[in-house]
Amino acid sequence: MNESVHRNALGQPIGQPLPQWKAPPVPPRETLNGRYCRIEPLDAARHAADLYAALGDVYDATGDLARAEKAYAASLHLGPSIAANHVKYGRNLAKLQRAKEAEAAFEGALQRDPANADAHFQIGKLLAARN
């Protein structure tokens, strides 16, 4: 089976053509509640902080700490009450060797969620590094 490789407009290899294929209808803009998850339409005002935090995670994973810092800062500007984003920002600042700012970010997480174990752990790591 030496079939030729089909490519899309970007030159990427794709499967065999499906001449009878038709695009499915666009799903309605409604929330779908499942047993284990929920799918909801994107609401930029409501989801922006989490989207910036996710962008920061991508930059962080690829080693672009400066861009990650900007994305995490944007997530805190848009959603200052989200403790997990304070922790992400603090971890980023710690990687940038900015311990005092990182500690302030972790403290910000604890102000919003006093039981946040990750923030407590990160502060402990900073304190241990000082000694």
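User: Axes are lines fitted to C-alpha atoms, for helices over the stretch in contact, and angles run from 0 to 180 degrees between N-to-C directions. At what angle do H3 and H5 pack?

Analyst: The model is predicted: local features need pLDDT of at least 70, side-chain atom pairs count only at pLDDT 80 or more, and totals for chains, interfaces and linings use all residues. Residues are numbered from 1 along each chain as its sequence is written, and side-chain values use heavy atoms, with hydrogens and water left out. Helices (H or I, at least four residues) and strands (E, at least two) are DSSP runs numbered from the N terminus. The axes of H3 and H5 are 10 Å apart, and their angle is about 20 degrees.

User: Is H3 roughly parallel or antiparallel to H5?

Analyst: Angles under 35 degrees count as roughly parallel, over 145 as roughly antiparallel, 65 to 115 as roughly perpendicular and the rest as oblique. H3 and H5 pack at about 20 degrees, which makes the pair roughly parallel.

User: How many residues of the contact of H3 with H5 are nonpolar?

Analyst: Contact means heavy atoms within 4.5 Å. Val87, Arg91 and Ala94 in H3 meet Asp118, Ala119, Gln122 and Leu126 in H5. Ala, Val, Leu, Ile, Met, Phe, Trp, Tyr, Cys and Pro count as nonpolar, Asp, Glu, Lys and Arg as charged, and the others, Gly among them, as polar. The contact of H3 with H5 has one polar residue and two charged ones, and its nonpolar residues number four.

User: Are H4 and H5 roughly antiparallel or parallel to each other?

Analyst: The axes of H4 and H5 come within 9 Å and cross at roughly 155 degrees. H4 and H5 are therefore roughly antiparallel.

User: Is the crossing in which H4 passes H5 left-handed or right-handed?

Analyst: A crossing is left-handed if the near helix is turned anticlockwise from the far one by less than a right angle, and right-handed if clockwise. The crossing of H4 and H5 is left-handed.

User: Is Gln122 buried or exposed?

Analyst: Gln122 lies in helix H5 and touches Val87, Arg91 and Phe106, not counting residues up to four places away in sequence. Buried means under 20% relative accessible area, exposed over 50%, and partly exposed in between (1.4 Å probe, protein chains only). At a relative accessible area of 8%, Gln122 is buried.

User: What separation do the C-alpha atoms of Thr62 and Ala109 have?

Analyst: Thr62 is in the loop between H1 (44-61) and H2, and Thr62 is exposed at 59% relative accessible area. Ala109 touches Ala83, His86, Val87 and Ala119, not counting residues up to four places away in sequence. Thr62 and Ala109 are 47 residues apart along the chain, and their C-alpha atoms are separated by 24 Å.

User: What is the phi of Gln97, which is not a glycine?

Analyst: Most residues other than glycine have a negative phi. Gln97 lies in the loop between H3 and H4 and counts as exposed at 71% relative accessibility. The phi of Gln97 is positive, about 65 degrees.
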